Amino acid sequence: MVSGGGTGGHIYPALALIERLKELEPDTEVLYVGTHRGLEDKIVPAAGIDFKTIKIQGFKRSLSLENFKTVYLFLKSVRDARKMVKEFKPDVVLGTGGYVSGAVLYAAAKLHVPTVIHEQNSVVGVTNKFLSRYVTRIGIAFEAARSQFPQSKVVMTGNPRAQQVVGNKTNYSWTELGLKDDKPTMLIFGGSQGAPKINTSVVEAIQNFNQRDYQVVFATGQKRYQQVMNQIGDQNVGENVVIKPYINNMPSMMPKVAVIVGRAGATSIAEITALGIPSILIPSPYVTADHQTKNAQALVNQNAAEMIKEDDLSGETLSQAADKLMNDNDLRHQMAENAQKMGMPDAADRLIALLKDAKK
Ligand SMILES: CC(=O)N[C@H]1[C@@H](OP(=O)(O)OP(=O)(O)OC[C@H]2O[C@@H](n3ccc(=O)[nH]c3=O)[C@H](O)[C@@H]2O)O[C@H](CO)[C@@H](O)[C@@H]1O
C-alpha cells in the first residue's frame with residue numbers, strides 16, 4: 001500500500017517506486033491511497049494504479065479553532081484508513097509525505113503492519129516528523145534530514161524519481177511540440193503547480209526569447225495557464241517558444257533538455273542531478289524553513305546550478321541568466337557533469353531494499 005499526496009513532489013516519487021517494483025516483481029499488488037483534492041486524484045489513476053481516497057485536511061502550524069475540526073477529521077480518516085489496511089492486507093505500507101500519508105501510515109503502524117516513510121527534502125515535513133515515531137524504517141534523500149529523525153531507522157535511499165528519469169528509454173523528439181531537434185532547448189516550470197512570479201517573468205522575457213537561437217518550452221501550471229495567456233495577449237510568441245499548461249511526460253522529455261529553469265523542490269532536484277542537467281533555480285520563499293534555498297544552494301556550491309532569488313527575478317534577470325547558459329556549450333557541459341555527480345540513479349532499488357528490510 002502506498003500513500004502520499006497534495007503536490008507532485010510527493011506523488012511522483014511514489015509512482016516511480018511502483019513502476020520499478022512492478023518491473024522487478026510483476027505480481028506485486030499495489031493500492032494507492034490519496035485524497036480527492038490533491039493532484040494524485042488525476043495523476044495516479046492516469047498511471048493505471050488502483051486508487052482509493054479518504055477525506056483529510058491539513059494541520060495549521062499555529063493552534064486555532066479550525067484545528068479541532070482538523071483533529072476530528074484526522075481521527076476520522078485514521079478510521080477510514082484502518083478499514084482499507086484491514087481489507088487490502090498489505091505486506092508493507094509506504095508513505096511519501098502529505099497529510100493523507102499521516103492517517104494511512106499511522107493506522108497501519110497501529111495495526112502492526114511494517115511501515116516505511118520517504119522524505120524527499122532536507123528539512124523534514126510535518127507529516128513525516130509526526131510519523132517518524134511510529135514507522136519501521138525511514139528513507140531520506142538529503143543527508144541533512146538524518147538528524148531530524150530517530151537515527152537508527154534512517155537509510156539514505158535518494159529519490160526514486162531519479163532512477164525513473166535515468167531509466168527512460170523513449171527517444172523523445174521536440175517535433176512533437178513543433179520544435180526542432182537540432183537546437184538546444186530550455187524547459188521552464190515552477191514546480192508541479194506553476195509559480196506566479198516565474199510565470200510573469202517569462203511573459204516579460206518572451207520578446208527576448210523569440211529572437212534567440214535556442215528554443216523554450218514553458219509549463220505554466222495547470223491552473224495558471226489562462227492567466228498567462230491573458231498576460232501575453234496578442235503578442236507574438238515566436239516559433240521557438242511553446243507554452244503548455246502542464247507536461248505529462250517529463251521522464252521522456254527531460255533527457256533532451258539543455259537547461260532547466262524552475263523552483264528547487266526536492267523531486268525536481270533529484271531529476272536534475274540524476275540526469276545531469278544545468279539549471280537556473282528560483283527557490284520558493286513560501287516553503288517550510290526556506291528549504292528550497294537550501295536545496296538550490298547545495299547545487300550552486302558544486303557549480304552545478306545558478307540561483308536567482310525570487311526578489312531579484314524579472315524578465316531581464318531571467319533573460320540574462322538564460323543567455324549565459326544557453327549560449328555557452330562548455331559551461332553547460334561542465335555544469336551538467338557537476339550536477340550528475342550529485343545524482344542517485346539507483347534510488348528506487350535502494351527504497352525497494354528498505355521496504356523488504358522493514359518486512360523482515
Ligand atoms: C510549494 C511546495 O510546497 N513545494 C514543495 C513540493 O514541490 P512540488 O510539488 O512543486 O515538487 P517538486 O519540484 O519537488 O517536483 C515537481 C514534480 O512535478 C513534475 N512536473 C512539473 C511540472 C509539469 O508540468 N509536469 C511535471 O511532471 C516534475 O518533473 C517533478 O517531478 O514538494 C517538494 C517535495 O517533494 C518540496 O521540496 C517542495 O518545496
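Contact is taken here to mean heavy atoms within 4.5 Å. The structure examined is a predicted model. On this basis, Gly9 contacts Gln120, Ser192 and Thr267 when residues up to four places away in sequence are not counted. Gly9 belongs to helix H1, which comprises residues 8-24. Its relative accessible area is 24%, and Gly9 is therefore partly exposed, since the buried class is limited to values under 20% and the exposed class to values over 50%.

Both Gly9 and Ser192 fall under the "binding site" annotation of the unreviewed UniProt entry, which also covers Thr7, Gly8, Asn121, Ile247 and Gln292. The annotated residues span 286 residues in sequence, and the C-alpha atoms of the farthest two are 22.8 Å apart, so the set does not all gather at one spot.

Met250 has a relative accessible area of 10% and is buried. Its contacts, not counting residues up to four places away in sequence, are Arg161, Leu187, Phe189 and Pro255. Between Met250 and Ala336, which are 86 residues apart along the chain, the C-alpha separation is 18 Å.

Terms used: Residues numbered from 1 in each chain as written. Predicted model: local features only at pLDDT ≥ 70, side-chain atom pairs only at ≥ 80, totals over all residues. Heavy atoms only, no water. UniProt positions renumbered as here; feature names shortened; annotations may be inferred. Helix = DSSP H or I, 4+ residues; strand = E, 2+ residues; numbered from the N terminus. Buried < 20%, exposed > 50% of the residue type's maximum accessible area, 1.4 Å probe, protein only.
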